[in-house]
Amino acid sequence: MPTIPHHLRAASLMLGSTMFFGLMVVAIRLASETLHTFEIAFFRNFFGLIAALPLLIRHGPGLLKTTQFPRYVFRCVIGICSMLAGFWAIGHLPLAQAVSLSYSTPLFVTLAAAALLNEQVRARRWTAVGLGFLGVLIIVRPGSTEFSIGAVVAVLAAVLSSIVAIQIKQLSQTEPADRIVIYTTLLWVPMSLLPALAVWQWPQGITWLWVIAAGIMGTGGHMLWTRALKLGEVSALTPISFMQLPIVAVFGWWLFDESLDRWTLLGAAIIFGANAYIAHREAVLAKRAASESPTSAAKPGE
C-alpha cells in the first residue's frame with residue numbers, strides 16, 4: 001500500500017481539525033440557547049477529558065510526570081478565561097463574526113512574542129500585524145451603530161489566547177504534545193466547574209447532545225491540530241484553518257438565519273492575509289536560522 005506523503009497527511013489532519021473546531025462552535029451556539037456560558041465551558045471540558053483519556057491509557061501514568069506543573073496551572077488559568085470569553089462571544093455574536101475575530105489571535109501572538117520572549121520582529125511582520133489589526137477594526141467598527149460589547153469580548157478572548165499560545169510554545173520545548181493535551185483537559189475541568197456552580201442547571205433533552213459534541217469536537221480538533229503541525233509547515237497549513245469561516249457561516253445561515261455582511265467578510269480577508277504572511281515569514285526565518293551559523297547576522301527588512 002503506497003505511503004501518503006507527509007504534506008498531504010498534514011493537510012488532511014489540518015482540514016479535519018478545522019472541521020472539528022467549526023462544528024464545536026456550532027454545538028456551543030446551540031447549547032447557549034438554554035445553558036449559561038460557564039456551564040457550556042465546564043461540559044465541553046468534562047466530555048473533552050473523557051475523549052482525551054485514551055492518551056493516558058496508551059502512554060500510562062508516566063505521561064503525567066513533569067517538572068512544569070506550575071506553568072501548566074498558569075497556562076490553564078489564562079486558557080479558561082479565554083475560553084469563557086470566546087464561548088460568550090459565540091453565544092452573542094453572529095457565528096462568522098465571532099470566528100473572524102478569533103483569527104486575530106496570531107496577531108496578538110506576534111506582539112506577545114516580542115514583549116514576553118524578546119523575539120525580534122522586523123518591519124515586514126510589523127506591517128502585516130498592522131494590516132491585521134485594521135481588519136479587526138473593520139469587523140468591530142467602533143463608534144458605529146453596529147458596534148457591540150460582544151465584539152470586544154471576542155477580541156479579549158483572542159488576546160488571552162495569544163498568551164496561552166506563548167505558554168504552549170514554551171512548554172512544547174520540553175513537553176510532548178500528548179502531555180500538554182491531557183494536563184490541559186485535567187486542569188480545565190475543576191477550573192471551569194467553579195464558575196459553573198454559580199449558575200448551575202442541568203441540561204435538558206437535546207442540549208446534552210450539544211455539550212457532549214462540543215467536548216468531543218474540541219478535543220478531537222486539538223489532537224489533529226497538534227499532529228498536523230508536527231508533519232507540516234505552519235505557513236502551508238494556516239490557510240487551511242480559515243476554512244472554519246465558511247463552515248460556520250453556512251451553519252449560521254442554515255440554523256440561525258444569519259447573513260455574512262460585507263464588513264465581516266472584508267475584515268476576515270485582511271486578517272487572513274496578514275496571518276498567512278506572518279506564518280510564511282516565520283517559516284522562512286526558521287529555515288534560514290537552521291541553515292546559517294549562530295554568528296550570522298540577520299538580513300535587514302525581515
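The structure is a predicted model, in which local features need pLDDT of at least 70, side-chain atom pairs count only at pLDDT 80 or more, and totals for chains, interfaces and linings use all residues. Residues are numbered from 1 along each chain as its sequence is written, and side-chain values use heavy atoms, with hydrogens and water left out.

Helix α5 spans residues 105–116 and helix α6 spans residues 123–140; helices are DSSP runs (H or I, at least four residues) numbered from the N terminus. The axes of α5 and α6 come within 9 Å and cross at roughly 135°. Axes are lines fitted to C-alpha atoms, for helices over the stretch in contact, with angles running from 0 to 180 degrees between N-to-C directions. The arrangement of α5 and α6 is therefore oblique, a class left over once angles under 35 degrees (roughly parallel), over 145 (roughly antiparallel) and 65 to 115 (roughly perpendicular) are set aside. The crossing of α5 with α6 is left-handed, a term used if the near helix is turned anticlockwise from the far one by less than a right angle.

On the α5 side, Leu107, Phe108, Thr110, Leu111 and Ala114 are in contact (heavy atoms within 4.5 Å) with Trp126, Ala128, Val129, Gly132, Phe133 and Val136 of α6. Of the residues in this contact, nine are nonpolar, two are polar and none is charged. Here Ala, Val, Leu, Ile, Met, Phe, Trp, Tyr, Cys and Pro count as nonpolar, Asp, Glu, Lys and Arg as charged, and the others, Gly among them, as polar.

Ser104 occupies the loop between α4 (95–102) and α5. Ser104 has a relative accessible area of 0% and is therefore buried; buried means under 20%, exposed over 50% and partly exposed in between (1.4 Å probe, protein chains only). A polar atom of the Ser104 side chain lies 2.6 Å from the backbone oxygen of Leu101. Beyond its neighbours within four places in sequence, Ser104 contacts Val136, Ala158 and Ile271. Helix α4 is itself mostly covered, with seven of its eight residues buried, among them Leu95, Gln97 and Leu101.

Arg141 lies between α6 and α7 (149–171) and is buried, at 16% relative accessible area. Asp257 lies between α11 (244–256) and α12 (262–291) and is exposed, at 69%.

Key. Helix = DSSP H or I, 4+ residues; strand = E, 2+ residues; numbered from the N terminus. Polar contact = N/O pair within 3.5 Å; in protein donor to acceptor, adjacent residues only side chain to side chain.
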